[in-house]
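Please find my notes on this model below. The points start with charge pairs and move on to packing and surface.

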Amino acid sequence: MATATTMVPTSPSDGIQKRKRSRSPEDSEQPPSSRRRSLSPPPARLVDVPKVSDVDPARRAERERQLAVRIAEKELEKLQKEKEKEKKEPEFDAQAEFAKLTSTRSGGVYMPPARLRALQEAASKDKASAEYQRLSWDALRKSITGIVNRVNVANIKHVVPELFQENLIRGRGLFARSVMKAQAASLPFTPVFAALVAIINTKLPQVGELVLTRLISQFRRAFKRNDKIVCHSTTTFIGHLVNQGVAHEIIALQILVLLLERPTDDSIEIAVGFMREVGAFLGENSPKANATVYERFRAVLNEGSISHRVQYMIEVLMQVRKDKYKDNPIVPEGLDLVEEDEQITHQIQLEEELQVQEGLNIFKFDANYLENEERYKQIKAEILGEGSSDEDESSSEEEDEEEEDEEAVAEKEGIEDRTQTNLINLRRVIYLTIMNALNYEEAVHKLLKVQIKEGQEIELCKMIIECCSQERSYSTFFGLIGERFCRLNRVWFDCFEQAFRDYYETIHRYETNRLRNIARFFGHLVATDAVSWNVLDCIKLTEDDTTSSSRIFIKIMFNEVTESMGLKNVAERFKDPEVRASCRGMFPMDNPKDTRFAINYFTSINLGAITEEMREHLKNAPRIIMEQRRAMLEAESSSSDSSDSDDDSDDSGSDTDSSSGSDASDDSRRSRRRRRSPSPRRRRDRSDSRTPPRHDRRESPSPPPRYREKSRDRYTSRRDSPPPRRRDSPPRRRDYTPDRRDRDRDYDRERDRPHARSPPPSLSPPPRSRRDRRSRSRSYSPPRRGKEDRARQNGSRERDYDRSRDDRRRRSVSRDRYGRR
């Protein structure tokens with residue numbers, strides 16, 4: 001029986017046979033003809049298994065196998081632990097790197113791209129975390145800086161959309177810093193950077209305002225430090241912003257005044273360079289100020305207090321002006337990318353307090369980061385028109401459906417929506433737009449993009465006023481919005497004037513706080529000439545035409561105007577003929593009562609300076625009224641004289657009439673005098689002076705007793721005229737009631753009648769009875785019906801009176817005849 005050979009494991013030293021190096025023959029100089037390849041060493045074991053000593057070879061082999069398995073499992077566990085450690089190490093490293101990022105100011109030291117990607121992947125798990133916001137802030141800074149640095153005339157139209165892709169509202173401080181650094185490093189590209197800022201300013205006005213504010217602040221610091229290089233670069237940038245319409249020309253004039261006030265070589269050199277940039281713009285828009293600046297340059301040149309080099313620079317500037325700035329146009333070719341109507345101009349003064357907002361350059365944790373990002377995405381889509389392609393695709397797909405629905409829509413064209421749903425939605429959009437705006441420029445910019453149908457512009461104006469009235473106190477935010485709208489288009493100007501008239505008519509419906517806000521709003525518009533002063537023609541300042549609410553409204557509005565303009569300017573404005581004609585209702589002069597009310601009202605609201613003309617009119621009012629009455633009486637007397645001359649011609653032709661007719665007419669005239677109210681004393685004296693002389697009556701042969709005549713006159717004055725006279729003159733007494741002019745005419749006729757014919761003087765009763773009748777006529781006579789009753793009861797007495805009257809008539813006729821002889 002053959003015995004199985006057992007395989008005894010050999011040690012590594014036993015298993016490897018050492019190859020003996022063959023010694024080369026020392027004497028042979030040639031190499032061997034063939035080389036024997038050496039055996040490769042056996043593969044090394046992955047796991048070193050210890051040697052097991054056992055007599056039985058099979059059992060020893062099994063034990064070795066089991067031992068090798070156990071050792072291999074331990075090695076695998078070690079490897080797994082090492083892999084787990086390697087996985088945990090990046091998390092700890094990420095936390096450390098995040099700590100470094102948040103503790104440094106601008107990103108810290110350089111970070112390799114691989115590590116940066118690892119950090120971004122780790123931070124992207126929570127986008128609201130501070131680590132993710134810091135990484136996005138650094139990416140935003142690098143992106144804005146890279147875009148600004150590669151802008152030029154050729155690619156500016158393509159760079160602007162890329163710039164709007166970044167969050168410029170969050171990174172406006174980064175953009176301002178990058179633009180200012182890039183401009184200071186490359187002055188020839190200043191027009192390009194100014195055009196870039198002008199484009200962004202039309203969509204995001206706060207960004208343009210921040211850039212201009214930082215430039216002005218930098219100029220002031222550099223001027224105080226005598227930093228000529230920074231002053232030159234800053235003024236160049238400001239000059240091109242003025243040319244683009246981002247900055248108002250007043251800031252350019254203030255800088256020139258500051259530089260030329262105390263001329264030095266450096267200040268004159270900076271002023272010359274600045275004037276080269278803005279000279280063409282000032283020559284077109286402010287010619288008087290431009291001429292004043294050049295007069296100052298000429299004075300500095302004549303003084304000779306500066307060096308010859310700078311004098312030569314001024315002379316070159318004069319020549320540039322003569323050449324009309326052909327090498328320095330207002331806007332270079334290819335950079336006129338903004339419409340004049342869309343540009344928003346910022347009026348920032350050189351001496352006012354500026355808010356540079358340096359904190360915008362530094363990263364700050366934003367608790368509402370995701371909400372703000374979503375809001376900017378909406379703004380970006382609105383600016384860039386994103387989603388229009390999707391709309392086009394969807395519209396092309398829906399064209400068929402629209403064509404099918406056209407017939408149904410055509411049938412419903414006559415239907416009107418009287419629920420005012422669209423109007424309510426429009427008001428909601430306007431309200432939310434105003435309330436969500438950061439400043440008035442942004443509000444105006446957004447409101448102009450609201451789709452408003454023709455004829456609904458007044459709704460926008462009224463919503464602005466309503467939003468203003470709802471505030472607890474008046475805010476100039478709304479006044480500036482209204483002023484900007486009035487200056488943009490004539491349509492808004494007319495709408496706000498119409499709104500003023502509507503609100504003045506219904507101002508009594510508002511409570512005091514809302515009334516105050518509305519009054520101050522319109523006071524701001526009037527003071528800034530945003531609306532014309534002709535809107536004041538709807539105000540009638542009288543006690544009957546105003547209410548307590550309207551008077552409070554006028555008071556608050558004019559207090560706002562006075563605070564803005566000053567009392568002196570307000571008084572001068574009211575002296576303007578056009579304004580005076582429009583404000584005629586505020587200064588009533590027709591009625592002294594209304595004039596006095598207006599004077600007292602304006603004096604009570606501290607506007608007594610505008611009442612001087614009304615006070616003069618009120619002082620001269622009695623004299624003017626007397627002159628008017630005198631002119632009226634003269635016109636009446638002249639018309640009465642012309643009518644009397646016609647009556648006298650008629651009377652001279654009727655001298656042959658019977659005495660009974662004249663007696664009846666005189667009696668009727670006498671009865672009318674009894675019925676009239678007593679005339680003034682002056683008229684009575686005149687009538688007494690025109691009666692016949694008293695000595696003529698004394699010559700009568702038988703004058704009646706004085707007491708009897710007096711008693712009879714008194715008795716007859718209580719009655720109406722006797723029946724015969726009532727029969728002769730009823731039509732005249734019934735149909736005619738003499739007024740003052742007719743009484744004067746009758747009196748003149750009585751005065752002239754004795755010279756024309758004899759009967760009339762005899763018809764009048766004796767002077768004493770007339771005097772008694774005048775004295776008794778002062779008391780009002782009893783009613784006519786009572787007189788007629790008493791006349792019927794005393795018929796006999798009337799007949800006696802008629803006889804005595806006939807006797808007196810005969811005596812008077814004879815006296816007149818004898819007197820004529």
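1. The count comes to 21 salt bridges, a salt bridge being a side-chain nitrogen of Lys or Arg within 4 Å of a carboxyl oxygen of Asp or Glu. The model is predicted: local features need pLDDT of at least 70, side-chain atom pairs count only at pLDDT 80 or more, and totals for chains, interfaces and linings use all residues. Residues are numbered from 1 along each chain as its sequence is written, and side-chain values use heavy atoms, without hydrogens and water.

2. E62 pairs with R65 in a salt bridge, with the closest N and O atoms 2.3 Å apart. The two sit 3 residues apart in helix α2 (residues 57-103), so about one helical turn separates them. Helices here are DSSP runs (H or I, at least four residues), numbered from the N terminus.

3. K446 and E442 also form a salt bridge (2.8 Å, N to O). E442 is buried, at 8% relative accessible area; K446 is partly exposed, at 26%. Buried means under 20%, exposed over 50%, partly exposed in between (1.4 Å probe, protein chains only).

4. K228, D266, E269 and R309 are linked in a network of salt bridges.

5. Helix α5 (residues 156-165) packs on helix α7 (residues 190-203) at about 45°, with axes 11 Å apart. Axes are lines fitted to C-alpha atoms over the stretch in contact, and angles run from 0 to 180 degrees between N-to-C directions.

6. D341 lies in the loop between α13 (308-322) and α14 (369-384). D341 is exposed, at 70% relative accessibility. Its C-alpha is 9.9 Å from that of T202, 139 residues away along the chain.
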